Amino acid sequence: MADLSAFPITARWPAANPDRLQLYSMPTPNGVKVSIMLEELGLPYEPHFIDIMTGESQSDAFRSLNPNGKIPAILDPEGPGGAPIALFESGAILIYLAEKMGRLLPEDPIARYHAIQWVMFQMGGLGPMTGQMGFFTKFAGKDWEDKRPRDRFVAEVKRILGVMDGVLADRAWFMGEDYTIADVSMIGWVNAIPNFYGVSDLVGFDGFTNVKAWLERALARPAVQRGLKIPARG
């Protein structure tokens with residue numbers, strides 16, 4: 001049995017199955033990237049619900065694993081060479097899991113980097129811009145009288161959706177016929193536009209027909225449906 005006692009986070013969130021990968025997350029648009037990935041891979045893991053609304057991600061216990069205080073994060077008792085590895089940043093985790101299991105990342109070097117570039121596109125564009133838009137439409141920012149900040153992020157989300165729609169015009173997934181970490185990285189954020197933030201009309205989501213069809217294909221995957229609800233809320 002793996003000994004994870006060297007990782008302080010396990011004192012706050014004990015591992016019932018220390019031989020399994022430990023996931024510390026919450027089913028947010030960002031958090032579900034890793035739970036969807038784990039469900040797609042069929043890799044045994046143990047999820048721990050981190051309540052970011054009550055500040056659990058800012059606790060000393062959580063920050064011992066991720067000093068940036070953000071979900072998701074993982075602790076894999078069987079990392080490279082059999083040694084435990086702790087990782088944060090969802091894009092890094094997706095790449096790590098894909099390489100660990102040899103799935104959802106092309107073997108061809110050129111295709112591999114093309115898939116990774118779309119993960120970076122999500123990390124630097126789709127995720128941050130959609131999250132900021134959400135702040136100004138669903139959370140505290142919605143009450144601000146000045147709508148210029150909201151409109152700035154709405155315009156950028158529209159632009160990003162336009163980029164995605166053009167790429168998806170002649171393909172089922174971002175890498176063509178192959179579903180990869182590029183798709184996994186984006187599902188939670190695109191799904192949040194109509195189903196969490198409720199801003200379909202604001203961004204003209206129905207007009208991005210290729211993105212909408214891509215999302216429908218993604219949501220039809222059983223692993224995606226499971227991953228969107230993990231970790232279960234207490």
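Guide: In helix H2, the buried residues are Val32, Lys33, Val34, Ser35, Ile36, Met37, Leu38, Glu39, Glu40 and Leu41. Buried means under 20% relative accessible area, exposed over 50%, and partly exposed in between, with a 1.4 Å probe and protein chains only. This is a predicted model, in which local features need pLDDT of at least 70 and side-chain atom pairs count only at pLDDT 80 or more, while totals for chains, interfaces and linings use all residues. Residues are numbered from 1 along each chain as its sequence is written, and side-chain values use heavy atoms, with hydrogens and water left out. Helices are DSSP runs of H or I with at least four residues, numbered from the N terminus.

Because 10 of the 10 residues of H2 (residues 32-41) are buried, H2 is largely enclosed by the rest of the structure. After H2 comes Gly42, with a positive phi near 70°.

Helix H6 may be examined in the same way. Phe153, Val154, Val157, Ile160, Leu161, Met164, Asp165 and Val167 of H6 are buried. They lie on the same side of H6, because they cover an arc of only 150° around the axis, the arc being that of the directions from the helix axis to the C-beta atoms. On the other side of H6, Arg148 and Arg152 are exposed. The buried residues of H6 pack against helices H5 (109-137), H7 (181-195), H8 (200-203) and H9 (209-219), where contact means heavy atoms within 4.5 Å.

Terms used: Helices (H or I, at least four residues) and strands (E, at least two) are DSSP runs, numbered from the N terminus.
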